[in-house]
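Thanks, everyone. I'll take you through one structure today. Please bring it up on your screens.

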Amino acid sequence: TGDVWPLDIGDTSIELSFIGDVINLAARLEKNSGVNGILIAHITKANALSYDGKFVESLKLEERQIDPESAKGQLYPIRCWQIPPLN
């Protein structure tokens, strides 16, 4: 959740790339989510709660913290939320 900017990096034709801190954060969440796992950033959870709090609460999200050593480019631990695995 946040600002993302498109950037044309093509030489002879349009080739889009996207930049922004949230792109890096998304990559770190994906890397740390595990196979078939889902991690969402704290700000995403907060925004989702304002749209449909009952649904978000029904997910029974578990809080996680990713250490900066496991999240290249991050200076501080990342507070995120994980959907628990199905039993």
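One term before the sheet: two strands pair if DSSP finds at least two bridges between them. And a caution: this is a predicted model.

Confidence, then. The protein chain has a mean pLDDT of 89. Of its residues, 98% reach 70 or more. Helix α2, residues 42-58, scores highest, with a mean of 95. Helix α1, residues 21-33, scores lowest, at 88.

Now the sheet. How many strands form it? There are 3, in an open sheet. The order is β3-β5-β4, and the pairing is antiparallel. The edges are β3, at 39-41, and β4, at 62-66. Each edge strand pairs on one side only. On average, neighbouring strands are turned by 40 degrees against each other, ignoring direction.

Look at β4 with β5, residues 78-82. Those two share 5 bridges, in the antiparallel sense. Find Gln 65: across from it, in β5, stands Arg 79.

Next, the helices. Which strands does α1 touch? It packs on the sheet and touches β3, β4 and β5. The direction of α1 makes about 150 degrees with that of β3. Helix α2 lies across β3 and β5. Its angle to β3 is about 80 degrees.

The largest pocket holds about 170 Å³ of space. It is lined by 11 residues. Closest to its centre are Asn 36, Gly 37, Ile 83, Pro 84 and Pro 85. What classes make up the lining? Count 6 nonpolar, 4 polar and 1 charged.

That's the tour. Over to you.

Terms used:
Residues are numbered from 1 along each chain as its sequence is written. This is a predicted model: local features need pLDDT of at least 70, side-chain atom pairs count only at pLDDT 80 or more; totals for chains, interfaces and linings use all residues. Side-chain values use heavy atoms; hydrogens and water are left out. pLDDT is the predictor's confidence in each residue, from 0 to 100. Helices (H or I, at least four residues) and strands (E, at least two) are DSSP runs, numbered from the N terminus. On a 1 Å grid over the protein atoms alone, a cavity is a set of points where a 1.4 Å probe fits but cannot get out, and a pocket is an open set with protein on both sides within 12 Å along at least five of seven lines; lining residues have an atom within 4 Å of a point. Grid points are joined across faces, edges and corners, and a volume is the space filled by probe spheres set on the points. Ala, Val, Leu, Ile, Met, Phe, Trp, Tyr, Cys and Pro count as nonpolar, Asp, Glu, Lys and Arg as charged, and the others, Gly among them, as polar. Axes are lines fitted to C-alpha atoms, for helices over the stretch in contact, and angles run from 0 to 180 degrees between N-to-C directions. Contact means heavy atoms within 4.5 Å.
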